[in-house]
There are 2 protein chains.
Amino acid sequence: MPPLVPRPPKYYAVKEDLRLLAAEAGPGAVLPTERALAVTFGTSRTTVRQAIAELVAEGVLTRRQGKGTFVSAPRPTYLRQLTSFSEDARAQNLASASFTLGVERVVADAHLAEQLRVPVESDLTRVARVRLIDGEPLAHEAAYIPGLFPDLPGQLEDNPSLYAVLSTCYGIEIVEAEDTVGTMVGGPDDARLLGIEMGAPLLLIFRRGLDADGVPVEWTRSVFRGDRFQFFARTRR
Amino acid sequence: MPPLVPRPPKYYAVKEDLRLLAAEAGPGAVLPTERALAVTFGTSRTTVRQAIAELVAEGVLTRRQGKGTFVSAPRPTYLRQLTSFSEDARAQNLASASFTLGVERVVADAHLAEQLRVPVESDLTRVARVRLIDGEPLAHEAAYIPGLFPDLPGQLEDNPSLYAVLSTCYGIEIVEAEDTVGTMVGGPDDARLLGIEMGAPLLLIFRRGLDADGVPVEWTRSVFRGDRFQFFARTRR
DNA sequence: TAGTGGTCTAGACCACCAA
DNA sequence: TGGTGGTCTAGACCACTAG
């Protein structure tokens with residue numbers, strides 16, 4: 001199959017050159033400045049920045065304001081395999097941690113009511129957290145659980161696994177999960193929480209947890225960094 | 001939680017304004033020209049283009065050179081649920097079609113050999129196709145199958161489901177699939193095959209098909225449009 | 001031919017960081 | 001203070017589409 005693209009734009013040539021340059025330099029290496037690269041490639045700084053922007057989105061490069069542009073460390077790709085974040089991390093010998101943004105009472109809107117099969121306006125508990133792997137933010141998520149759990153904040157401090165706390169303290173057992181995986185691009189909030197750039201590709205995952213009777217007991221919206229996360233699923237016919 | 005972002009850049013304000021404008025205008029509507037928008041927002045055309053670029057990546061807008069910028073039609077999100085593309089589409093009452101790019105003999109490199117559990121350099125058949133839903137390209141993929149299947153091209157013309165052909169003609173039954181889902185950004189080839197813009201977020205899916213004995217019989221690399229695809233998985237503990 | 005989006009330029013000012 | 005990346009500008013030329 002011949003390369004049928006009429007004329008690849010100049011920034012794409014720069015991008016692929018930079019990709020090679022990064023590979024040779026190795027992780028952690030610092031690249032020449034954008035202004036220097038513009039001179040080297042005989043182009044403008046804007047064009048160089050467009051090339052760098054895509055490599056950043058791919059996780060190849062990292063930019064730090066005031067410091068420079070660096071070759072990213074190899075991705076410690078996190079594979080989702082079981083039901084819960086904490087369990088997945090442990091299964092892969094990765095150090096996981098959580099930062100709780102807030103635990104609050106909310107009422108079900110139409111969408112949450114449908115997903116959790118509860119009446120609109122019923123009480124829900126919302127748990128918002130940032131998930132870390134090896135000290136780096138990997139995802140932020142908000143879990144919604146029917147009912148009120150005033151002691152949850154303290155219990156999550158002792159055990160970061162929401163699923164474990166629900167099981168141990170409240171007898172809620174999640175045995176089945178339905179995941180819907182799509183893409184989105186990062187906005188300012190995502191950029192701040194995950195330490196990424198705006199516009200970076202992200203994985204948006206909606207998960208519904210069901211108990212042994214098939215009753216929905218949890219619904220979560222998760223936003224994962226696209227550059228260091230993979231989702232794994234096994235399906236039997 | 002207060003909004004901690006110091007100062008959202010101007011292009012982000014433009015982006016959100018355009019998002020509202022697009023919602024009001026409705027699918028298919030044409031937006032003012034980039035030059036006109038620059039005047040309206042009191043900004044430069046570059047800034048307007050940066051805002052539009054992200055909305056295009058999100059699937060909200062569509063640009064057509066020489067014509068204009070349009071509000072995208074609502075996404076016919078394709079959900080992956082079963083094992084094969086054709087089956088999934090049928091289950092959702094979506095018209096699926098395939099365009100075969102090529103069927104060729106290749107030899108296994110180290111990676112394919114490991115995934116398919118065959119010796120390095122063994123014969124494989126590579127089937128490269130573009131997948132369409134409702135006439136629009138949704139994905140391109142390359143499937144690798146151990147062995148040689150000289151009649152495959154003709155058989156795929158009669159039945160676009162590779163899984164069905166393998167079953168009917170060769171007695172190969174795929175009963176289990178392992179999917180690994182991640183993100184990538186589109187390059188020139190992806191842009192050409194899928195009719196998207198370079199830099200658009202894509203879902204990269206590696207799938208391994210196993211037969212009843214757990215023997216790998218197929219390995220596929222698929223690239224799906226991120227703006228109109230969702231992956232669905234159900235996991236039991 | 002006129003108008004659209006696609007690419008690229010040269011340069012400005014800002015926010016951040018290290019010496 | 002000087003250098004880095006982050007943002008934005010005004011304008012140029014090209015490729016494509018339509019009348």
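So, which strand of chain B does strand β7 of chain A join, and how many bridges are there? Here β7 (residues 176-185) of chain A runs antiparallel to β10(B), and six bridges join the two. Strands pair if DSSP finds at least two bridges between them. One example: A:T180 has B:F232 in β10(B) as its bridge partner.

Quick housekeeping. This is a predicted model, where local features need pLDDT of at least 70 and side-chain atom pairs count only at pLDDT 80 or more, while totals for chains, interfaces and linings use all residues. Residues are numbered from 1 along each chain as its sequence is written, chains are lettered from A in the order in which they are written, and side-chain values use heavy atoms, with hydrogens and water left out.

Okay, the interface. On chain B, 47 residues are in contact (heavy atoms within 4.5 Å) with 48 residues of chain A. Together the chains bury about 4,100 Å², with 55% of it on carbon and sulfur atoms. Buried area is the accessible area, with a 1.4 Å probe, that two parts lose on being put together, summed over both. B:T183, B:T235 and B:R237 supply 15% of what chain B buries against chain A, more than any other three residues.

Now the charges. The rule finds six salt bridges across this interface, meaning a side-chain nitrogen of Lys or Arg within 4 Å of a carboxyl oxygen of Asp or Glu. In one of them, A:R234 meets B:E178, with the closest N and O atoms 2.8 Å apart. And on the side of chain B that touches chain A, β7(B) gives the most, with nine residues. Strands here are DSSP runs (E, at least two residues), numbered from the N terminus.

Conventions. Helices (H or I, at least four residues) and strands (E, at least two) are DSSP runs, numbered from the N terminus.
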